[in-house]
Amino acid sequence: MEAGQAHAAVRGRGGALLTPLLCVFLPQFDPGKTGYISTGKFRSLLESHSSKLDPHKREVLLALADSQANGQICYQDFVNLMSNKRSNSFRQAILQGNRRLCSKALLEEKGLNLSQRLIRHVAYETLPREIDRKWYYDSYTCCPPPWFMITVTLLEARTRVAFFLYNGVSLDQFVLQVTHPRYLKNSLVYHPQLRAQAWRYLTYIFMHAGIEHLGLNVVLQLLVGVPLEMVHGATRIGLVYVAGVVAGSLAVSVADMTAPVVGSSGGVYALVSAHLANIVMNWSGMKCQFKLLRMAVALICMSMEFGRAVWLRFHPSAYPPCPHPSFVAHLGGVAVGITLGVVVLRNYEQRLQDQSLWWIFVAMYTVFVLFAVFWNIFAYTLLDLKLPPPP
């Protein structure tokens, strides 16, 4: 690595430029240019330049030194750490070492400003290991911000309110009849008669069965989705969310073939179920306050919303033969959350392509999508179903 690149790579959050550390590292302690330095010399180097190091990074560096059974530290691991790039090999070194933290836990630190307290809170809400919490707290810069969940939520709310006002004016009654033919007559809702229009398998999230349906989804997306995106990034969270949305509509087309679909519950349930499963799998390490009570409240809210969807589906329609929307999309979202979602949330800094379970669940999801596509092409004709009239 070029010297200038190395210098630019080690500007940590709240830390000084560690030029002396880099300048001394190779010439003095690695004269043979092997790329390694003894842990003893590395520890003395840390002590002599401790004032220039962020305390959180110093603790992780010490944990790295303690984890090296061969008594040597790779220079590239040091650069990766200071540039906030945790490789899989580095993570394994930390996990296999004793991971001794030399100062108090992050939760006990005082004198933090509002933004620092928020970042610390998010760390304890989503990450099960103290060393990962400190790593996240040290490296998070809010750049980019959690734009994906906020953007999706605003679009859903804006679209739903616009259609609510439009339908209220045109029908001369401000009621939320999702089965009304005019409500279904738009290019966003998934309808079994229009299943060939592929965009509907995704755009149905912008329409909801009512204000209470929209409200619960918005609350869950903001309270659960935004913190998860702050930790895992828009790419991972967007992947789980979109996979849940598509799985939801495809599940309806297979298991509830005569019903339309509205609402973002597929994506929301994918995120929430992945988060809850991650908490259960790492129960002893999760330090979020009142975690049992909060899990119970989340499960109760999800159960009530799901129960409302089941009741609505089988309740007689006010505008027959237009049926009420299906509840099966919720189950598709949960299935994605406890498979793909758990893998994505398990190791937030590890590359997904390095995880064997990732490929297994991707293969399962791909097989399901292909099966659903062929089902939509052939099954409706072979079963000779009586579908509701097109909107």
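Helix 12 gives the most to the lining of the second largest pocket, with 10 residues. Helices (H or I, at least four residues) and strands (E, at least two) are DSSP runs, numbered from the N terminus. A pocket is an open set of points on a 1 Å grid over the protein atoms alone, with protein on both sides within 12 Å along at least five of seven lines, and lining residues have an atom within 4 Å of a point. This is a predicted model, in which local features need pLDDT of at least 70, side-chain atom pairs count only at pLDDT 80 or more, and totals for chains, interfaces and linings use all residues. Residues are numbered from 1 along each chain as its sequence is written, and side-chain values use heavy atoms, with hydrogens and water left out.

The lining of this second largest pocket comprises 26 residues, and Glu 125, Leu 223, Val 224, His 275 and Arg 294 lie nearest its centre. Two or more lining residues come from each of helix 7 (114–126), helix 12 (211–255), helix 13 and helix 14 (291–314). By class, the lining has 20 nonpolar, 3 polar and 3 charged residues; Ala, Val, Leu, Ile, Met, Phe, Trp, Tyr, Cys and Pro count as nonpolar, Asp, Glu, Lys and Arg as charged, and the others, Gly among them, as polar. The volume of the second largest pocket is about 520 Å³, taken as the space filled by probe spheres set on grid points that are joined across faces, edges and corners.

The protein as a whole has 16 helices and 2 strands. Of its 391 residues, 51% count as buried, that is, under 20% relative accessible area with a 1.4 Å probe and protein chains only. An unreviewed UniProt entry places "transmembrane region" at residues 201–226, 238–255, 261–280, 292–314, 326–345 and 357–383. Residues 261–280 are 80% helix and 0% strand, with end C-alpha atoms 30 Å apart. For residues 357–383 the span is 100% helix and 0% strand, and the end C-alpha atoms lie 36 Å apart.

The unreviewed UniProt entry also places the feature "active site" at Ser 265 and His 330. These residues span 66 residues in sequence, yet no two of their C-alpha atoms are more than 5.6 Å apart, so they gather at one spot. The lining of the largest cavity includes both Ser 265 and His 330; a cavity is a set of grid points where a 1.4 Å probe fits but cannot get out. UniProt positions follow the numbering used here, feature names are shortened, and annotations may be inferred rather than shown by experiment.

Ser 265 lies in helix 13 (residues 265–281) and is buried, with a relative accessible area of 2%. Leaving aside neighbours within four places in sequence, Ser 265 is in contact (heavy atoms within 4.5 Å) with His 213, Asn 217, Glu 305 and His 330. The Ser 265 side chain makes a polar contact of 3.2 Å with the side chain of His 213. A polar contact is a pair of N or O atoms within 3.5 Å; within protein, one must be able to donate a hydrogen and the other to accept it, and residues adjacent in sequence count only if both atoms are side-chain atoms.

His 330 is in helix 15 (residues 328–346) and is buried at 4% relative accessibility. Its side chain makes polar contacts with the side chains of Ser 265 (3.3 Å) and Glu 305 (2.8 Å).

Technical notes: Buried means under 20% relative accessible area, exposed over 50%, partly exposed in between (1.4 Å probe, protein chains only).
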